[in-house]
Amino acid sequence: MKKIKYRFDPTNLQYVHVKTSVWLKLLRIFGFISASIVAGIILLSIAYSVLDSPKEKLLRREISQYKIQLELLSEKANKADKILSGLEERDDKIYREIFGAEPIDASVRNAGIGGNDKYKSIKNYNNSEEIIKLHKTLDKLNRRIYIQSKSYDELSKLAKEKNEMLVSIPAIQPVANKDLKRVASGFGYRIDPIYRTGKFHEGMDFTSPVGTDVIATGNGVVESIEMKQWGYGNNIVINHGYGYKTRYAHLSKFKVKRGQKIKRGQLIALVGNTGKSTGPHLHYEVLKNNKPVNPANYYFNDLTPEQYEAILKLSSTHNQSFD
Ligand SMILES: [Zn+2]
């Protein structure tokens with residue numbers, strides 16, 4: 001129902017019908033709508049600032065998941081760091097030590113991997129600090145793993161050589177001598193059997209009948225075969241590599257040729273009494289970098305510790321050498 005408005009006119013003392021124009025009506029309607037819109041916007045913006053939209057809620061949940069994952073990844077990286085540190089320590093203190101390699105300097109293992117510029121693209125984000133930290137940890141890990149793998153390459157090469165070295169270095173007695181009864185004279189000052197004066201005996205003498213087998217004490221190559229009437233008499237020198245050579249002197253017969261490859265334990269000659277010798281025996285020398293060393297220290301493959309003690313005692317007796 002349409003409302004009819006009246007206004008009291010005091011001059012005429014009567015009510016008059018009030019007529020509102022269409023324009024005024026329209027203006028009022030427009031004003032009402034504008035006010036509603038403004039109020040709506042204000043209300044909505046308040047609501048949005050306090051409450052999240054569903055999309056925002058989803059994003060927020062995703063971000064918190066990423067944060068958790070980032071923390072977990074950092075923890076994992078730290079664990080890997082610790083494991084690698086253990087490997088590095090064992091590498092330096094045990095493996096490299098065994099194979100005679102110098103430990104790798106910490107400054108090489110932990111060398112830098114470039115400045116912060118590398119991580120420019122991830123700077124200035126909310127979590128960029130943590131992300132850059134993780135990047136740095138992982139980059140460092142990669143570098144250390146690379147260095148560690150190089151070290152293992154080097155060690156596996158050395159181990160191969162070591163195997164070769166262990167079979168090459170003189171390590172057994174040159175004649176069968178289980179009860180050690182053949183040790184006649186050792187390394188050091190002895191009385192010369194011919195000149196009867198003190199003279200340095202550069203090897204060890206094993207008394208044996210002529211024709212007893214003489215065996216190579218390590219893998220190597222026959223470097224020289226000499227037939228002499230004096231001095232060492234008929235003698236063989238084997239080069240074992242790694243700075244080691246052995247000499248077998250006063251032989252009666254050779255069983256190998258010059259340049260021949262020899263295995264430890266291989267028959268190379270027969271015991272004799274040639275050259276400057278006062279009776280059938282084998283004069284055996286071990287040379288390290290061309291200097292004679294005590295052969296008693298190079299029987300470690302076939303002597304027990306007790307036998308080693310015994311042979312040291314026997315060979316250090318200040319007796320007369322057979323030469
Ligand atoms: Zn001798």
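I call a residue buried under 20% relative accessible area, exposed over 50%, and partly exposed in between, with a 1.4 Å probe and protein chains only. The areas come from the Shrake-Rupley method with that 1.4 Å probe, and for residues only the protein chains shown count as cover.

Source notes. I am working on a predicted model, in which local features need pLDDT of at least 70, side-chain atom pairs count only at pLDDT 80 or more, and totals for chains, interfaces and linings use all residues. Residues are numbered from 1 along each chain as its sequence is written, and side-chain values use heavy atoms, with hydrogens and water left out.

Entry on K136. I looked up K136 and found it in helix α4, residues 128–168. Helices here are DSSP runs of H or I with at least four residues, strands are runs of E with at least two, and both are numbered from the N terminus. K136 counts as partly exposed because its relative accessibility is 35%. Together with K120, K123 and K140, K136 forms a positive surface patch. A patch takes residues with over 30% relative accessible area and no salt bridge, joining like charges within 9 Å and nonpolar side chains (Val, Leu, Ile, Met, Phe, Trp, Tyr) within 5 Å. A salt bridge is a side-chain nitrogen of Lys or Arg within 4 Å of a carboxyl oxygen of Asp or Glu. For Lys, the charge is placed at NZ, and Lys and Arg count as positive.

Entry on I41. Helix α1, residues 22–50, holds I41. I41 is exposed because its relative accessible area is 53%. I also noted a nonpolar surface patch of V22, W23, L26, I29, F32, I33, I37 and I41, with about 920 Å² of accessible area together.

Entry on strand β8. Which strands does β8 join? Strand β8 (residues 220–226) runs antiparallel to β12 (residues 261–262), with two bridges between them. Five bridges join β8 to β9 (residues 235–241), also antiparallel. Strands pair if DSSP finds at least two bridges between them. I traced G220 to its bridge partner I262 in β12, and E226 to N235 in β9.

Entry on positive phi. L180 is not a glycine, yet its phi is positive, about 65°. L180 sits in the loop between α4 and β3 (183–185), and is buried because its relative accessible area is 7%. R196, also other than glycine, has a positive phi near 60°. R196 lies in the loop between β4 (188–191) and β5 (198–201). R196 counts as exposed because its relative accessibility is 54%.
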